[in-house]
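Student: I would like to learn how to read the side-chain features of a model like this one, step by step. Could we go through it together?

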Amino acid sequence: MKLIEVFIERTLFASRWLLTPMYLGMTLLLVLFAVKFFQELIHLAPHILEMAETDLILVALALIDLTLVANLIIMVIISGYENFVSRIDLDEKAEKLSWVGKLDSGTLKLKVAASIVAISSIHLLKAFMNTSKTDTSTLMWLVIIHMTFVVSALLLAWLDKMAFRHDH
């Protein structure tokens, strides 16, 4: 019976490696975001002199949005891999990110929630800057959805703080 238990436990522990192809897929997704970013930038270049300031701000917000999502993808890839698959062993001389190895799954959830709020804020700002093309009902729903994200992030942070207090 003990042999079966050991086999099951080792199999379950080894199953974490099934996440690796997902993290590699997210790396491919990051490449696609970079392609889209530069596609938007190249598309902008020929029109820059004729473009209104508001339109330039909207394009800038779209590029910031893509960058924030890319940052989120990197955080999930690196900290997810570190937390659930294997420690990333970098050479002593290798470039290091200050947060690598410091984001547990709870902190990662908070960072994801904060990123979603930031991305939602950008979408909301874009809609407000483009009110001539956005109907009132759509604006109302965007505000409701954004506030839902804000409240969810605050509740998640509060629950994390309460769990931290309880553990210590």
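Predicted model: local features only at pLDDT ≥ 70, side-chain atom pairs only at ≥ 80, totals over all residues.

Student: Where is Asp 65 placed?

Tutor: Asp 65 belongs to helix H3, which covers residues 53–84.

Student: Which side chain of opposite charge is nearest to Asp 65, and how far away is it?

Tutor: That side chain is Lys 126, at 4.7 Å. A salt bridge requires a side-chain nitrogen of Lys or Arg within 4 Å of a carboxyl oxygen of Asp or Glu, and Asp 65, although buried, has no salt bridge.

Student: How many salt bridges does the structure hold?

Tutor: The structure holds one. It joins Glu 40 to Lys 36, with the closest N and O atoms 3.8 Å apart. Both residues lie in helix H2 (residues 20–44), where a spacing of four residues corresponds to about one turn of the helix.

Student: How should I read the accessibility of Glu 40 and of Lys 36?

Tutor: A residue is called partly exposed when its relative accessible area falls between the buried limit of 20% and the exposed limit of 50%. Glu 40 has a relative accessible area of 28% and is therefore partly exposed, and Lys 36, at 38%, is also counted as partly exposed.

Student: What describes a pair of aromatic rings?

Tutor: Such a pair is described by the distance of the centres and the angle of the planes. A search of the whole structure finds three aromatic pairs. At 11% relative accessibility Tyr 23 counts as buried, whereas Tyr 81, with a relative accessible area of 21%, is partly exposed. Another pair is that of Phe 37 and Phe 38, also edge-to-face, with 5.3 Å centre to centre and 75° between the planes; Phe 38 counts as partly exposed at 47% relative accessibility.

Student: Which residues do ring pairs link into a cluster?

Tutor: The cluster consists of Trp 17, Tyr 23 and Tyr 81. A ring can also have a charged side chain over its face, and here Arg 16 lies over the face of Phe 13, at 4.0 Å from the ring centre.

Student: Which residues make up the largest nonpolar core?

Tutor: In soluble globular proteins, nonpolar side chains tend to be buried together. In this structure the largest nonpolar core has eight residues, namely Tyr 23, Leu 30, Val 69, Ala 70, Ile 73, Ile 77, Val 85 and Ile 119. Helices H2 and H3 each supply at least two residues of this core, and the largest share, four residues, comes from H3. With residues up to four places away in sequence set aside, Ile 77 touches Tyr 23, Met 26 and Thr 27.

Student: What does Thr 20 touch, not counting residues up to four places away in sequence?

Tutor: Thr 20, found in helix H2, touches Tyr 81 and Val 85 on that count. The C-alpha atoms of Thr 20 and Val 85 are separated by 7.4 Å, although the two residues are 65 residues apart along the chain.

Notes
Residues numbered from 1 in each chain as written. Heavy atoms only, no water. Buried < 20%, exposed > 50% of the residue type's maximum accessible area, 1.4 Å probe, protein only. Lys, Arg positive; Asp, Glu negative; His and termini not counted. Phe/Tyr/Trp six-rings, centres within 6.5 Å; stacked < 30°, edge-to-face > 60°. Lys NZ or Arg CZ within 6 Å of the ring centre and 35° of its normal. Core = buried A, V, L, I, M, F, W, Y, C linked by side-chain atoms within 4.5 Å. Contact = heavy atoms within 4.5 Å.
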